[in-house]
Amino acid sequence: MTSWLAALVTWCSTLLGTGDADAACLELGRLDARRAVAFLSGDPERLRDVYATPTLREADASVLRGWSDRGLRLEGMAQQRTSCHVVARSSRQVVLDVVDRLGPTRAVGPQQAYRLPSDQPTRRRVVLTWTADGWRIGAAR
């Protein structure tokens with residue numbers, strides 16, 4: 001699947017909740033879609049377009065390499081958002097209160113496929129940070 005098509009499928013399958021019309025929430029949705037494309041394509045370098053720091057990127061890159069090392073690729077990966085609200089905003093950072101969950105995801109190998117366990121909606125604080133390359137995820141807790 002080409003990367004633009006994977007991004008489109010991921011974006012279309014993301015469920016938006018209340019507050020998502022705010023530009024910062026839409027930006028988070030775009031970053032979530034880019035993260036999903038990195039996982040779906042098996043390319044950790046694509047995470048550079050998602051995270052503000054190498055430390056944050058490395059956590060996801062390590063997970064991605066773990067799947068790849070086992071000969072598996074992921075399908076699905078859409079973040080399903082229940083809500084997103086701006087808590088604080090400055091010219092260089094936006095703090096968001098987000099409730100979301102990972103949608104249906106499968107790990108697929110040459111001769112096997114595993115459905116990953118589904119999770120429950122989780123509330124997180126996500127900090128979007130302005131960088132030389134645009135908005136990136138600076139923290140998530």
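In these legends, contact means that heavy atoms lie within 4.5 Å. The model is predicted, so that local features need pLDDT of at least 70 and side-chain atom pairs count only at pLDDT 80 or more, while totals for chains, interfaces and linings use all residues. Residues are numbered from 1 along each chain as its sequence is written, and side-chain values use heavy atoms, with hydrogens and water left out.

View 1. Aspartate 32 has its place in helix H2, where helices (H or I, at least four residues) and strands (E, at least two) are DSSP runs numbered from the N terminus. Leaving aside neighbours within four places in sequence, aspartate 32 is in contact with Gln79, Arg81 and Asp100. With a relative accessible area of 12%, aspartate 32 is buried, a term that stands for under 20% relative accessible area, as against exposed for over 50% and partly exposed in between (1.4 Å probe, protein chains only).

**View 2. Methionine 77 in the loop between two strands.** Methionine 77 is found between strand S1 (73-75) and strand S2 (79-89), and its relative accessible area of 6% makes it buried. Not counting residues up to four places away in sequence, methionine 77 touches Arg35, Ala36, Phe39, Leu40, Leu102, Pro104 and Thr105. From C-alpha to C-alpha, methionine 77 and leucine 40 are 7.6 Å apart in space, although 37 residues separate them in sequence.

**View 3. The largest pocket and its lining.** About 460 Å³ of space lies in the largest pocket; on a 1 Å grid over the protein atoms alone, a pocket is an open set of points where a 1.4 Å probe fits, with protein on both sides within 12 Å along at least five of seven lines, and lining residues have an atom within 4 Å of a point. Of the 23 residues that line this pocket, the closest to its centre are Arg35, Tyr51, Asp60, Gln79 and Arg124. Helix H3 gives the most to the lining, with 5 residues.

**View 4. The aromatic pair of tryptophan 130 and tryptophan 135.** The structure holds 1 aromatic pair, in which tryptophan 130 and tryptophan 135 are arranged edge-to-face, 5.3 Å centre to centre and with 70° between the planes. Rings of Phe, Tyr and Trp (its six-membered ring) pair if their centres lie within 6.5 Å, and planes under 30 degrees apart count as stacked, over 60 as edge-to-face and the rest as tilted. Tryptophan 130 counts as partly exposed, at 36% relative accessibility.

Technical notes
Points joined across faces, edges and corners; volume = space filled by probe spheres on them.
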